[in-house]
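Subject: Structure for your study

Dear colleague,

Please find below the structure that I promised to pass on to you. My notes on its strands and helices follow it, and I would ask you to read them with the model open.

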Amino acid sequence: MKAIIFGAPGSGKGTYASRLQAKLNINVIVMGDIFREILKQNTDLGRKVKGYVEKGMLVPDDIVVQTLKNRLAELPADRGFIMDGYPRTLEQAKILETITPIDVILLLDVPDWIIIERSSTRRICKNCGTIFNIRFLKPKVEGICDKCGGELYQRSDDTPEVIKKRLQVYKDQTMPILEHFKQKNIPIITFRATSLETPPDTVVEQMMSELKKAKLI
Ligand SMILES: [Zn+2]
């Protein structure tokens with residue numbers, strides 16, 4: 001299965017993607033993580049990416065595409081993937097089609113109020129970027145990352161006003177991409193959150209059953 005997962009910042013898509021990864025033995029491709037890794041490497045590509053990031057500029061599409069191609073080439077051919085954080089623009093969606101076919105779109109539809117509530121209780125690892133939540137996804141030790149022992153922090157821009165702005169940006173960017181995939185007859189499976197308390201595993205079970213129904217797993 002070659003899937004893309006879409007969901008607003010704070011919708012929990014990283015959590016769902018990593019749980020599906022464990023259940024399906026599938027690769028999760030997180031663009032942000034790939035770049036974080038590249039930045040640490042002393043390679044031509046690393047220096048190029050660093051140049052853009054240090055100037056506060058977006059990494060140009062051709063570099064992103066090359067990075068993505070490299071990453072896909074490293075994957076075992078018989079294993080699928082879930083792509084998270086890419087494509088972010090219609091232009092990128094069109095480029096992606098020239099690199100790999102896509103079987104399905106997983107769309108998380110989470111009401112704004114839930115995202116605002118969740119984001120204000122979110123904590124992130126300074127070291128590896130893993131996301132926790134002091135209400136719903138507590139780390140084993142308060143303030144410490146389960147995965148790497150790094151220190152957890154709260155983003156200073158996790159305020160309702162800034163979150164609302166981020167949600168609007170996400171909607172403006174994502175709608176044309178979804179419309180584009182719809183026109184290409186790529187199935188879009190939507191998961192709607194209705195409660196703040198729904199445990200991630202319930203959503204993951206629902207995802208598994210929908211994917212089975214669609215004969216994708
Ligand atoms: Zn960590």
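Strand E1 (residues 2-6) and strand E3 (residues 81-84) run parallel and are joined by 4 bridges. Within this pairing, lysine 2 has phenylalanine 81 of E3 as its bridge partner. Please bear in mind throughout that the model is predicted.

E1 and E3 belong to an open sheet of 5 strands, in the order E2-E3-E1-E4-E8, and the pairing in this sheet is parallel. At its edges are strand E2 (27-30) and strand E8 (188-192), each of which pairs on one side only. On average, neighbouring strands of this sheet are turned by 20° against each other, if direction is ignored. Helix H7 lies across E1, E4 and E8 of this sheet, and its direction is at about 135° to E8.

There is also an open sheet of 3 strands, with the order E6-E5-E7 and antiparallel pairing. Its edges are formed by strand E6 (131-133) and strand E7 (152-153); each has a single partner strand, so one side of each is left without a neighbour in the sheet. Strand E5 (residues 122-125) pairs with E6 over 3 bridges in the antiparallel sense.

Which residues of helix H6 (residues 112-119) are buried? They are Ile115, Arg118 and Ser119. These residues lie on the same side of H6, because they cover an arc of only 95° around the axis. The general rule behind such a pattern is that an α-helix has 3.6 residues a turn, so residues three or four places apart point the same way. The buried residues of H6 pack against E5 and E6, and also against helix H7 (160-183).

Finally, I turn to a pair of helices. Helix H2 (residues 31-40) packs with helix H3 (residues 44-54) at an angle of about 110°, and their axes are 8 Å apart. An angle from 65 to 115 degrees counts as roughly perpendicular, and H2 is therefore roughly perpendicular to H3. The crossing of H2 past H3 is left-handed. On the H2 side, the contact is made by Phe35, Ile38 and Leu39. On the H3 side, Leu45, Gly46, Val49, Lys50 and Val53 take part.

Yours sincerely,
A colleague

Note on methods:
Residues numbered from 1 in each chain as written. Predicted model: local features only at pLDDT ≥ 70, side-chain atom pairs only at ≥ 80, totals over all residues. Pairing = 2+ DSSP bridges. Helix = DSSP H or I, 4+ residues; strand = E, 2+ residues; numbered from the N terminus. Buried ≥ 20, exposed ≤ 12 C-beta atoms within 10 Å, placed from the backbone. Arc of directions from axis to C-beta. Contact = placed C-beta atoms within 7 Å. Axes fitted to C-alpha atoms, helices over the stretch in contact; angles between N-to-C directions. Parallel < 35°, antiparallel > 145°, perpendicular 65-115°, else oblique. Left-handed = near helix turned anticlockwise from the far one by under 90°.
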